[in-house]
Amino acid sequence: MNSWEEPDFPALPAGFRFGAATAAYQIEGAHDLDGRAPSIWDTFSHTPGRTLGGATGDTACDHYHRYREDVTLLRGLGVDNYRFSIAWPRLLPQGTGPVNQKGLDFYDRLIDELFAAGIRPAVTLYHWDLPQALEDRGGWRVRETAEAFASYAALAAERYGDRVERWITLNEPYCSAFVGYAEGRHAPGVQEGRGALAAAHHLLVAHGLAVRELRAAGAREVGIALNLDRIHAASDRPDDLAALRRAEVLHNDVWTDPLLAGRYPAQEAETWAGLAEGPWRQPGDLEVIGAPLDFLGVNFYRPITVAAAPHRADDIEARTAVDIGVTELDQYGTPHTTMGWPIVPGALTELLCELHARYPQMPPVWITESGAAFEDVLGPDGRVHDPERTGYLADHLAAVADSVAAGVDVRGFYVWSLLDNFEWARGYQQRFGLVHVDYDTLTRTPKDSYHWYRGLFTAHRARTEEAAR
């Protein structure tokens, strides 16, 4: 018997929604076709040494040409929601200015195909593919990019708002600001202090301005997707507990406090010292950033443990925004994914319950990404057996159910990801998909977890319908 059919599997509430997620640069390909201009990820991935094996998203899964096949896979999966992102440089090649009609038409076709399959679209406006033309003018370091994003959001809402149920302004701004502008592991690949903190602030301003535009266009549900972390201290020593607080500011509070409480983090000065204050903040920004949300998207994969560490540089001006005297440790003693991430489902329950307690006015939550990468191989029987992924998803859905039982309003769950895809700087080595992709032939093969997820959805629907009788 499968775990989702067992009587002791925690029941999710009636009306709970199941979906799958993707992102434009990771699956679309067609990087230079039909008027699309380069994004920062095109530039980054084409720079030698930036990605594993020199991988790029030039072709990826070729979803641009195979979207009908992929919608058929979604229909076969049985989900009622699909989260995808729009490529900003496909609609506005220069980030502002002339609109690319062929780009607009592509997402029209995709959305119409989803509707024909009975699947409701959830659109992410920004999943890291900033038009390179805007980066050349300062990128997220400058307020003009936030203003350009608002205009882009208005364009998308005007074109697709009659059919899009759910809008997500930004995906994981932590990665955009700190992994891209401080660590340098992601595009644009720089290591900065104030530049990264300015980027973080302007991403939040961009979100708030986009919410305003989406509301004006009549959007029904508007939110943001944050990769929040459940962080543990390596010990109860004062220096490790202080490191924990700095890590919580960097990973979580810099986003949740402005968005959900209308304030900047109380301990930001301790975390960033002289880097924290800058001319990028303007009067009224907190009001813009804190515009009411219909939902909070939470992306969750694993917890982290931190300990105190010395700063890499005594000179504050030489530090990056992630050099806060913290090091990450692995103390969980649990199985890991091939990303090297510990599998600790209970950490998701802890995170959601902490958010619920800290922000009493927090809107409903959607798990906008959760999933795992494993070494998936197409077997001689023509199937991909991935029991580790099935177990991961079952346990994390159980963690969601525990959160709901504790009073957290969680409305739905998007698996990351529908397809194996371009996994950013890690190239094509890491496979997160419910569907296996042969990158030579682009053949799609549903994995065992695909069929399991369909069974889960079907069982949940049958159970809740019976309970309603």
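Mentor: Two strands pair if DSSP finds at least two bridges between them. Helices (H or I, at least four residues) and strands (E, at least two) are DSSP runs, numbered from the N terminus. This is a predicted model, in which local features need pLDDT of at least 70, side-chain atom pairs count only at pLDDT 80 or more, and totals for chains, interfaces and linings use all residues. Residues are numbered from 1 along each chain as its sequence is written, and side-chain values use heavy atoms, with hydrogens and water left out.

Trainee: What makes S1 and strand S11 a pair?

Mentor: Strand S1 and strand S11 (residues 410-416) share 5 bridges in the parallel sense, and the definition asks for at least two. Within S11, glycine 412 is the bridge partner of arginine 17.

Trainee: How many bridges join S1 to strand S2?

Mentor: S1 and S2 (residues 81-85) run parallel and are joined by 3 bridges. Here asparagine 81 of S2 stands opposite glycine 19.

Trainee: Why is strand S1 called largely enclosed?

Mentor: Buried means under 20% relative accessible area (exposed is over 50%, partly exposed in between, with a 1.4 Å probe and protein chains only). In S1 (residues 17-21), 5 of the 5 residues are buried, so the strand is largely enclosed by the rest of the structure. In a regular strand the side chains alternate between the two faces of the sheet. In S1 both faces are covered, with Arg17, Gly19 and Ala21 buried on one side and Phe18 and Ala20 buried on the other.

Trainee: Is aspartate 42 buried or exposed?

Mentor: Aspartate 42, found in helix H2 (residues 40-45), has a relative accessible area of 5%. The limit is under 20%, so aspartate 42 is buried.

Trainee: Which residues is aspartate 42 in contact with, leaving aside neighbours within four places in sequence?

Mentor: Contact means heavy atoms within 4.5 Å. Aspartate 42 has such contacts with Tyr25, His31, Arg36, Ala37 and Asp58.

Trainee: Why is the aromatic pair of tryptophan 88 and tryptophan 140 called tilted?

Mentor: The structure holds 34 aromatic pairs. Rings of Phe, Tyr and Trp (its six-membered ring) pair if their centres lie within 6.5 Å; planes under 30 degrees apart count as stacked, over 60 as edge-to-face and the rest as tilted. For tryptophan 88 and tryptophan 140 the centres are 6.4 Å apart and the planes 55 degrees, so the pair is tilted. Tryptophan 88 lies in helix H4 (residues 88-91) and tryptophan 140 in the loop between helix H6 (132-135) and helix H7 (143-160), so the pair ties together parts 52 residues apart in sequence.
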